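Have a look at the chain first.

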Amino acid sequence: MTRITLVFTLSDPRAQVDLLHEFTLHDGVVATAADIDGSPAIRVETHDSVSTVWDVRATVGMFDDRAREQQDQG
């Protein structure tokens, strides 16, 4: 199955730490910390299917309701 990387900027470093921990509990998901223009961020690689992509987005939103998905996903 094809994989996709989603990138989110986060409102604070604690959300980054919490999300990195949370995604270790998800099968088929690889999350890494990032820094985008001085803001904490997270890169999440997952299967490219509607359900898994929305699961990632929902999880990020539960931990940081001010997170922003970056549109240029590469």
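## Ground rules

This is a predicted model, so to speak of local features we need pLDDT of at least 70, and side-chain atom pairs count only at pLDDT 80 or more, while totals for chains, interfaces and linings use all residues. Numbering starts from 1 along each chain as its sequence is written, and side-chain values use heavy atoms, with hydrogens and water left out.

## Overall fold

Helices here are DSSP runs (H or I, at least four residues), as are strands (E, at least two), and both are numbered from the N terminus.

Along its principal axes, the C-alpha trace spans about 35 × 25 × 20 Å. As for contacts (heavy atoms within 4.5 Å), take those with a separation of 6 or more: 66% of them join residues 24 or more positions apart.

Of the 74 residues, 32% are buried, meaning under 20% relative accessible area; exposed is over 50% and partly exposed is in between, with a 1.4 Å probe and protein chains only. A nonpolar core is a set of buried Ala, Val, Leu, Ile, Met, Phe, Trp, Tyr and Cys residues joined through side-chain atoms within 4.5 Å. The largest one has 12 residues, among them Leu6, Phe8, Leu19, Ile42, Val53 and Val60. Strand E1 (3–9), H1, strand E3 (39–47) and helix H2 (50–63) each give two or more residues to this core, and H2 gives the most, with 3.

Val60 is a handy one to click on: leaving aside neighbours within four places in sequence, Val60 is in contact with Phe8, Leu10, Leu19, Phe23 and Ala67.

## Two side chains to look at

Gln16 sits in helix H1 (residues 13–23). Is Gln16 buried or exposed? Gln16 is buried, with a relative accessible area of 13%. Beyond neighbours within four places in sequence, Gln16 is in contact with Leu10, Ala33, Ala34, Pro40 and Ala41.

Arg57, meanwhile, lies over the face of Trp54, at 4.8 Å from the ring centre. The test for that is NZ of Lys or CZ of Arg within 6 Å of the ring centre and within 35 degrees of the ring normal.
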